[in-house]
Amino acid sequence: MSDSREYDVIIWGASSFTGRLVAEFYLNTYGLDGELKWAMAGRNQAKLEEVRAELGNTDVPILIGNSHDAASLKELVSKTKVICTTVGPYALYGSELVAACVEAGTDYCDLAGETQWIRRMIDQHHERAQETGARIVHCCGFDSIPSDMGTYFIQKKAKELKGEYAKAVKVRVKSMKGGASGGTIASINNVLAEVAEDKALFKLLNNPYTLNPRDAMTGDDKPDLRSVKFDEDADSFMMPFIMAAINTRVVRRSHALAGFPYGKDFTYDETMMTGKGLSGRMKGFGGLLGLAAMLGGKPGGLYKKLTAKFLPAPGEGPSKSEREAGFWKYLVIAKMRDGSLLKGFVSGDRDPGYGSTSKMLGEAAACLALDKDKTPELKGMLTPSTALGDALLERLQQKAGLKFEVRS
Ligand SMILES: NC(=O)c1ccc[n+]([C@@H]2O[C@H](COP(=O)([O-])OP(=O)(O)OC[C@H]3O[C@@H](n4cnc5c(N)ncnc54)[C@H](OP(=O)(O)O)[C@@H]3O)[C@@H](O)[C@H]2O)c1
């Protein structure tokens with residue numbers, strides 16, 4: 001890729017709920033004429049001007065295109081080293097953009113958690129992206145940076161402190177506070193609608209190795225938890241975590257792309273802690289009911305239509321005060337081959353889905369644009385840890401409010 005591109009990063013979908021937060025984060029962190037040259041892009045000039053007014057800086061460049069207009073995308077991706085996109089559901093609006101980046105050798109990062117679509121993008125583009133040199137990195141928000149980088153971190157520490165990698169890593173969601181946006185609800189509903197229409201897709205999504213290279217889709221991992229169970233290592237009951245469906249697949253793809261450094265028998269799983277004793281167990285069952293209420297109902301059916309009235313519409317999401325009062329914390333447990341444990345924490349200082357996610361995505365894009373000499377050599381359809389490794393770990397801690405710690 002030529003270094004003469006006009007921008008380091010273009011935020012595609014800067015008028016979205018999350019894109020606005022990324023733009024605000026960039027302006028506050030990098031200004032306009034600093035080390036990172038960035039612009040906002042989208043389909044609607046008036047809306048982007050409104051974002052610019054909210055930012056209080058009329059000099060932020062604006063570019064116009066449309067997700068379904070290949071010529072506009074080709075022009076857009078030729079102007080920048082990195083496309084950072086918040087235009088979702090990605091399965092509806094993202095495919096042409098990925099194709100344009102792959103062809104132009106433009107690096108790319110997004111917030112997709114739509115496993116079925118990511119699988120399609122890998123199948124269609126991995127080899128071509130390796131040829132053109134593009135690094136396409138899905139899942140650069142709350143799903144799946146904390147899980148992927150948390151595993152990368154604890155395994156580095158295991159090697160450093162215990163002399164070898166752990167045989168298993170478990171992530172347990174210890175606490176979190178935040179809400180959802182309309183774009184996220186639309187993305188979840190779109191996955192459910194696709195699965196309802198295609199039984200083969202349902203089977204593929206249940207495979208623990210959904211996102212692995214096609215010749216490496218087996219191993220010792222079990223399906224995601226679907227009940228309430230006690231975990232001795234975390235000393236807590238646990239219930240299913242909705243995002244394990246994408247996060248576990250991303251961690252396993254990272255391991256495969258890295259060449260299985262932790263051993264072919266390495267396993268990874270992810271659940272939510274609900275506490276000890278009767279209250280922990282009851283909280284777990286309450287959580288199961290909540291999940292059923294959220295995911296239940298036929299796509300387009302009466303139940304979905306009724307519940308939609310209580311959920312945010314596209315463009316809406318948690319308020320500034322809700323984002324600032326939010327937080328999240330993961331317990332990361334590495335189980336060594338001799339049975340001993342190494343425990344650590346990964347945490348963030350804002351609500352997971354937006355305040356924290358916008359900073360994680362912004363730093364992933366900045367890392368792609370500015371840290372090429374510090375990141376791994378891999379090209380193609382990558383994951384956060386395999387594309388960006390230590391350079392991202394450093395940025396997340398220095399600029400995105402994340403903490404990675406080992407418990408002594
Ligand atoms: N992984 C995570 O942790 C995480 C966290 C947050 C969000 N997300 C994902 O991020 C995505 C965005 O969520 P959100 O709530 O911020 O979305 P949103 O507010 O609903 O915004 C969607 C954006 O898509 C744009 N768009 C729609 N059709 C387009 C087209 N044909 N051409 C160009 N732009 C088009 C809209 O443009 P207009 O403004 O012009 O209408 C808008 O900017 C969702 O897929 C969500 O699931 C993931």
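User: What is the volume of the largest cavity?

Analyst: This is a predicted model, in which local features need pLDDT of at least 70 and side-chain atom pairs count only at pLDDT 80 or more, while totals for chains, interfaces and linings use all residues. Residues are numbered from 1 along each chain as its sequence is written, and side-chain values use heavy atoms, leaving out hydrogens and water. A cavity is a set of points, on a 1 Å grid over the protein atoms alone, where a 1.4 Å probe fits but cannot get out; points are joined across faces, edges and corners, and the probe spheres set on them fill the volume. The search of the whole structure finds one cavity of 30 Å³ or more, and the largest cavity has a volume of about 60 Å³.

User: Which elements give two or more residues to the lining of the largest cavity?

Analyst: Lining residues have an atom within 4 Å of a point, and here they include Ile118, His138, Arg253 and Met381. Elements are DSSP runs numbered from the N terminus: helices (H or I, at least four residues) and strands (E, at least two). Those that give two or more residues to this lining are α6 (115-132), α10 (244-257) and β13 (380-382).

User: Why is one side of β8 and of β14 left without a neighbour in the sheet?

Analyst: Seven strands form an open sheet of mixed pairing, in the order β8-β9-β10-β7-β11-β12-β14. Two strands pair if DSSP finds at least two bridges between them. One side of β8 (229-231) and of β14 (402-406) has no neighbour because each stands at an edge with a single partner strand.

User: Which residue of β10 stands opposite Phe237?

Analyst: Strand β9 covers residues 236-239 and strand β10 covers residues 267-275. The two pair in the antiparallel sense over three bridges. Opposite Phe237 stands Gly275.

User: Which element gives the largest share of the lining of the second largest pocket?

Analyst: A pocket is an open set of points with protein on both sides within 12 Å along at least five of seven lines. The second largest pocket holds about 440 Å³ of space, and 21 residues line it, with Lys170, Arg172, Lys222, Tyr268 and Asp269 nearest its centre. The elements that give two or more residues to this lining are β7, α10 and β10. The largest share, five residues, comes from β10.
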